[in-house]
Each structure stands twice: as structure tokens, then as C-alpha cells.
Amino acid sequence: MNAQSNAAIPPLAPAGQLDAQGFDRGRVETAADLAVHLERVRRHRSELRDSVAAVDLALEAPIARGGMWRERVRAALAELAHDFDDHVALTESPGGIYDRARVSAPRLSGRVERLLEEHRDLREALHGYLAVLEHGGTMADLPVFREELTVLVGRLVRHRQKGGDLVYEAYDVDLGGSG
């Protein structure tokens, strides 16, 4: 990471409460704060990747199992929805990676906005499919339902890629393909 370019950025948010690791989640002010924040993003990115893979694996199971298939997909999708909500909260936090990218690399503001729009769309889709599974919604055509979820998984993978590219361009930090 190029700490010099980030060290001159003024605070973006007032101080808040410290989390269990002593990090002020409401403020990413210095290059050191940014490094801690990016490490947290990296760890969470890995969790999100694992959740996406779990949904993909659940979708691969034979749908002829009916209720068992549905429950397996529901459990994996519930974890993914939770992890995606955490992803949104982390990346959109005041003074977080998106706020900092807008300040340190204004040319990336349009891409940040597109990622924010994707957050809203993906979150809505995840929770919508999860609601169908949790509340016994009608799935007249399980193969079509599975295909729609498979497309959603692909959208999530591409979203992670775009986010990683943005972080690299803004901070010269590689979040890692495995993370």
C-alpha cells in the first residue's frame, strides 16, 4: 500500500466507539487506520467468497430431493445474505474504503456509485430469494429457480472482482484472488 498518498487525507468522520479490536469502525482517518480497515475487508472478503461457494455447492445438489435441496439452499443463502449485509456495512462505513476512494481517487467516484447500486440490487435479490425459501413461497419450476440463483451467484462473483479492482486502483492494494 502506498501509505504516503493516504497519510495526507483529512478525517472523513468523527470518532465513534471502538470495537473489540480497538478500531473505530466509524472512522478511517490515517494510513494506519486504512491498513487495519483493508485487512478487515480482506478477511471479510474471504468469508463472502466461502459463502458464495457454499450456495453454489448447494445449488449443484439434485433438485429431485425436493425439501432437502430447498433446505440446503436456504441455509447457504441465509449465510450468504448475512455475509453480504456485513460486506455492505463494512465497505459503506463512513470513512471506509468507498469514502476514501472518492477522496483519494476522484476519478473512481462513478465506479463507487455503480458498486453502491449493485449493493442495493444484490441485497434485494438475496433477501427476496431467501424469503421465498424461508416462507414456503411457490417455486413451480425448481430448475428455473435454481438457474436464477446461479445467475445471482455469478453477479456476486463479478461484484467481488469489481470491488477488488477498485481497491487496487484506489490504494495500490491487492485484496487477493483467494481472499
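Modeller: Before we start, contact here means heavy atoms within 4.5 Å. This is a predicted model, where local features need pLDDT of at least 70, side-chain atom pairs count only at pLDDT 80 or more, and totals for chains, interfaces and linings use all residues. Residues are numbered from 1 along each chain as its sequence is written, and side-chain values use heavy atoms, with hydrogens and water left out.

Colleague: Thanks! Which residues does His87 touch, not counting residues up to four places away in sequence?

Modeller: His87 sits in helix α3 (residues 67–91); helices are DSSP runs of H or I with at least four residues, numbered from the N terminus. Leaving out residues up to four places away in sequence, the contacts of His87 are His44, Leu48, His119 and His159.

Colleague: Is His87 buried or exposed?

Modeller: Buried means under 20% relative accessible area, exposed over 50%, and partly exposed in between (1.4 Å probe, protein chains only). His87 has 13% relative accessibility, so it counts as buried.

Colleague: How are the rings of Tyr129 and Phe145 arranged, stacked or edge-to-face?

Modeller: Rings of Phe, Tyr and Trp (its six-membered ring) pair if their centres lie within 6.5 Å; planes under 30 degrees apart are stacked, over 60 edge-to-face and the rest tilted. The centres of Tyr129 and Phe145 are 5.5 Å apart and their planes lie at 80 degrees, so the pair is edge-to-face.

Colleague: Which helices does that pair link?

Modeller: The two residues are 16 residues apart, in distant parts of the chain. Tyr129 belongs to helix α5 (residues 109–134) and Phe145 to helix α6 (residues 142–171), so the helices linked are α5 and α6.
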